[in-house]
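This briefing goes through a single chain topic by topic. Please keep the sequence and the structure open while reading.

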Amino acid sequence: MLSVRDTARMVLALLICWLARMSSSRAGVVTVYHRVHGVGGDPSVEILAAVSSGVFRQQLRHLRRQYRVVPAAELLDAVRSRRRGQRFPASITFDDDLASHVRNAIPALEREGLPATFFLGGVSLHEPHPFWWEDLQRTVDGRLVEPDALPHVAEGDLRAALERSPKAIFRVAASIERLDPPERNETAVALRAAAGPPADDEGLRTGQVQSLVAAGFDVGFHTLGHDPLPALSDTALEQALDVGRDALAALIDTRLDLISYPHGKADERVAEAARAAGFTRGFTTKRSRVTAETDPLLIPRIAPAMSAGKTALRLARAVAPWS
């Protein structure tokens, strides 16, 4: 059930979509999800807050009714071929190797008959393998560390995060992300020790990844190490685009020529490296529409909001030619 405010947003989004559809604008949108779970999370204190299962279903229904949903590999071609009066093309994507992809996202997608692309690194094929930001979230949520206990992290920022100050955890995460790899590894080791062992069912195992493909969904590459690519040297960048790719492709018996960049970060140098590595489509998290002129290796994506109406309005404004 939508709130009154969210209903108003939905009505406005429908009006914008209808008016925009009358144009000959060649545009489209790509959504990027991470976790889908239960009642959802709190984006003010969670790095990757889950979209609730109920809101996710509402968002999917809206996409099915108002957009032409196509696989991510086909989005740019669909944008270029759009004509006046036709629905705007849209694609649904997911990042990271998360158990909620199989538990919650796939059943909802299948109910609506919608395609989606899952960008995986293959990091948890055989056992749980949390990344540092997942350990950071667990450590902060459980208050498992003192404010001065993490190397290379400002005590004041960590204290604010532990006190659940809105957005404080994002400042901590951003400071860790900016560290040089050796320093970031030191912080990650400290977080791993503080967070304790991960749950046995975290991540995606071999059979679960294979089930994605068996269900008819596309899989792309998200890199094994999940390092911010623009900060890497040319050699390290080449390695990041390669390590783990062949193993994941062999597992699902599918060529991996789509990539979503870790943390959504890419620039022209990264795009050229991805192109040289044989990727045909690359996806960022730049919040923008896709146009006929969009670089195939720098396709922007829009993260859905925590409500169906706000998400609908966000997408409608993106495709509107006057926005």
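**Salt bridges**

R275 and D295 form a salt bridge, with their closest N and O atoms 2.7 Å apart. This pair links distant parts of the chain, since R275 belongs to helix 12 and D295 to the loop between strand 8 (290–291) and helix 13 (308–319), 20 residues apart. The model is a predicted one. The points below cover its salt bridges, a surface patch, helix packing and some loop residues.

Pairs around helix 12:

- R275 also meets E272 in a salt bridge between side chains, at 2.4 Å from N to O.
- R275 and E272 are three residues apart in helix 12 (residues 268–276), so about one helical turn separates them.
- In general, an α-helix has 3.6 residues a turn, so residues three or four places apart point the same way.
- R275 counts as partly exposed, at 32% relative accessibility, and E272 is also partly exposed, at 43%.

Pairs elsewhere and the total:

- The structure holds 17 salt bridges.
- One of them joins the side chains of E202 and R138, with an N to O distance of 2.6 Å.
- E202 is partly exposed at 22% relative accessibility, and R138 is partly exposed at 24%.
- Salt bridges with shared partners join D135, R138, R192 and E202 into one network.

**Nonpolar surface patch**

- L12, L15, W18, L19, M22 and W322 make a nonpolar surface patch of about 620 Å².
- M22, one of the patch residues, is placed in the loop between helix 1 (4–21) and strand 1 (27–33).
- The relative accessible area of M22 is 38%, so M22 counts as partly exposed.

**Helix packing**

Helix 2 and helix 13:

- The axes of helix 2 (residues 53–66) and helix 13 come within 9 Å and cross at roughly 35 degrees.
- This crossing of helix 2 and helix 13 is right-handed.
- On the helix 2 side, V55, Q58, Q59, H62 and L63 take part, and they meet A308, T311, A312 and L315 of helix 13.

Helix 4:

- A108 lies in helix 4 (residues 99–112) and has a relative accessible area of 3%, so A108 is buried.
- Which residues does A108 touch, leaving aside its neighbours within four places in sequence? The contacts of A108 are F56, R57 and L60.
- A108 and F56 are 52 residues apart in sequence, and their C-alpha atoms are 8.0 Å apart in space.

Helix 6:

- L158, A160, A161 and L162 are buried in helix 6.
- The buried residues of helix 6 pack against helix 5 and helix 7.

**Loop residues**

Between helix 6 and helix 7:

- R164 sits in the loop between helix 6 and helix 7, just after helix 6.
- R164 is not a glycine, yet its phi is positive, at about 65 degrees.
- R164 has a relative accessible area of 37% and is therefore partly exposed.
- K167 lies in the loop between helix 6 (155–162) and helix 7 (168–177) and is partly exposed at 44% relative accessibility.
- Not counting residues up to four places away in sequence, K167 touches P43 and S44.
- K167 and R143 are 24 residues apart in sequence, with a C-alpha to C-alpha distance of 16 Å.

Between strand 6 and helix 12:

- H263 is found in the loop between strand 6 (258–260) and helix 12.
- H263 is a residue other than glycine, and its phi has a positive value near 60 degrees.
- H263 is partly exposed, with a relative accessible area of 23%.

Terms used:
Residues numbered from 1 in each chain as written. Predicted model: local features only at pLDDT ≥ 70, side-chain atom pairs only at ≥ 80, totals over all residues. Heavy atoms only, no water. Patch = residues over 30% accessible without salt bridge, like charges linked within 9 Å, V, L, I, M, F, W, Y side chains within 5 Å. Areas by Shrake-Rupley, 256 points an atom, 1.4 Å probe, with all protein chains shown as cover. Salt bridge = Lys/Arg side-chain N within 4 Å of Asp/Glu carboxyl O. Helix = DSSP H or I, 4+ residues; strand = E, 2+ residues; numbered from the N terminus. Buried < 20%, exposed > 50% of the residue type's maximum accessible area, 1.4 Å probe, protein only. Axes fitted to C-alpha atoms, helices over the stretch in contact; angles between N-to-C directions. Left-handed = near helix turned anticlockwise from the far one by under 90°. Contact = heavy atoms within 4.5 Å.
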